[in-house]
Amino acid sequence: MSPARGAAPSAGSAARATSVLVVDDQELVRTGFRLILERGGFDVVGEAADGRAAVFAARELSPDVVLMDIRMPRLDGVAATREILAGAGPHPKILVLTTFDLDEYVWSAVRAGAAGFLLKDVAPDDLVHAVRVVARGESMLAPALITRLLAQFARRPPAGQLPAELGALSEREVEIVRLIARGLSNAEIGARLFLSEATVKTYVSRVLGKLDLRDRVQVAVVAYESGLVQAGEPA
């Protein structure tokens, strides 16, 4: 669901650097992530070694992005994500990293509200790119992973009538939801529907508001769960 890789902010940019909280129970991993992110132009404002400390640090430091491990002592990453995103906003974007390529972890993280999911063997440049993507409100979950994940876990009623939960959407907004669920970025959706990227962003914001959803990943979940999109269908 991520757009094409963007250029890193210039060193002389007056814009505030994106702040990141790094959460992992291994100090060596945290140190490595910190070095990669700081080299990529991010402001690493803190670290946490378990989920409970992550919740506290997120509330104290108000980072833009939390880089969250899954398996940790005291409180796992999924539960920590739920607590961080509970209550009134604004909330940080949660980017989950794990060594466990298991569908149930991906599903739990997405349902908890995570904006992205990556494995820890991700290349440094890809990690930097992923943090940039979620920081600007996009989601970072590979289309192939979405299809595999939701095909296994989502209830898929027969296609046909527009699901009731999507009844408030216009025909164009339903098109947008279908393409989001297929993993297309705003730019790709614009090219497909002959719309400007700014117009697509407006439609996405309307969809999120009408469906009371947090981000594009949750839009994809709703699209599959409702039966609007079926696994294996062409985009």
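Predicted model: local features only at pLDDT ≥ 70, side-chain atom pairs only at ≥ 80, totals over all residues.
Is R30 buried or exposed? At 11% relative accessibility, R30 counts as buried.

E47 counts as partly exposed, at 33% relative accessibility.

Next, R74 and D50. Their closest N and O atoms are 3.4 Å apart, and they form a salt bridge. R74 sits in the loop between strand 3 and helix 3, and D50 in the loop between strand 2 and helix 2, so the pair ties together parts that are 24 residues apart in sequence. R74 is exposed at 66%, whereas D50 is buried at 10%.

E175 and R172 pair at 3.2 Å, and both lie in helix 7, residues 171-181, three residues apart, about one turn of the helix. E175 is partly exposed at 30%, and R172 is partly exposed at 27%. Back to R30: salt bridges that share partners join R30, R34, E38 and E47 into one network.

Last, the backbone. S62 has a positive phi, near 50°, and is not a glycine. S62 is in the loop between helix 2 and strand 3, and counts as exposed at 53%. D212, also not a glycine, has a positive phi of about 55°. D212 is in the loop between helix 9 and helix 10, and is exposed at 68%.

Note on methods
Residues numbered from 1 in each chain as written. Heavy atoms only, no water. Helix = DSSP H or I, 4+ residues; strand = E, 2+ residues; numbered from the N terminus. Buried < 20%, exposed > 50% of the residue type's maximum accessible area, 1.4 Å probe, protein only. Salt bridge = Lys/Arg side-chain N within 4 Å of Asp/Glu carboxyl O.
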